[in-house]
Amino acid sequence: MSEERSPGDGALERLLRDASQRGAYIDDAGFTAKVMARLPRAANPALRHRILLGFALAAAIVGLGAFGGAAYIWQAVLDLVAAHHFGPAQIGVVALALPFYWAMFTVLRAEAD
């Protein structure tokens with residue numbers, strides 16, 4: 001969709017751009033500083049990552065238990081560890097494990113920063 005523009009839009013944009021480049025500042029007697037000081041601090045992203053990872057793991061465990069996939073995956077893991085054979089079930093286990101390892105690595109890296 002195209003946005004309709006009035007003939008004065010270019011002039012308005014030019015005025016706003018010029019004012020921002022000049023650094024024009026309207027004195028507000030410290031109002032902006034007071035508002036910025038009262039704002040809450042930013043949330044801890046590492047904590048948010050840990051909470052999301054925990055919910056993802058809990059949802060995966062509950063989902064596997066509720067739908068009977070846990071026994072199938074457990075058997076696939078046992079076959080993978082015992083190295084009897086490497087088939088589609090074992091590839092599925094590895095494919096499911098990789099995103100969890102990636103998520104844990106991301107959380108640990110975020111905490112280190």
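Residues are numbered from 1 along each chain as its sequence is written. In this predicted model, local features need pLDDT of at least 70 and side-chain atom pairs pLDDT 80 or more, while totals for chains, interfaces and linings use all residues, and side-chain values use heavy atoms, without hydrogens and water.

**Exercise 1.** State how many helices and strands the protein chain has, and what share of its residues is buried.

Solution. Helices are DSSP runs of H or I with at least four residues, strands runs of E with at least two, both numbered from the N terminus. The protein chain has 5 helices and 0 strands, in the order α-α-α-α-α. Of its 113 residues, 12% are buried (under 20% relative accessible area, 1.4 Å probe, protein chains only).

**Exercise 2.** Describe how α3 packs against α4.

Solution. Step one: α3 covers residues 45–67 and α4 residues 69–82. The angle between them is about 105° and their axes lie 5 Å apart; axes are lines fitted to C-alpha atoms over the stretch in contact, and angles run from 0 to 180 degrees between N-to-C directions. Step two: α3 is therefore roughly perpendicular to α4 (65 to 115 degrees). Step three: Leu64, Gly65 and Phe67 of α3 meet Gly69, Ala70 and Ile73 of α4, where contact means heavy atoms within 4.5 Å. Glycine 68, which follows α3, has a positive phi near 75°.

**Exercise 3.** Locate alanine 29 and decide whether it is buried or exposed.

Solution. Alanine 29 sits in the loop between α1 (9–22) and α2 (31–38). Its phi is positive, about 55°, although alanine 29 is not a glycine. Its relative accessibility is 65%, so alanine 29 counts as exposed (over 50%).

How values were computed:
Angles under 35 degrees count as roughly parallel, over 145 as roughly antiparallel, 65 to 115 as roughly perpendicular and the rest as oblique.
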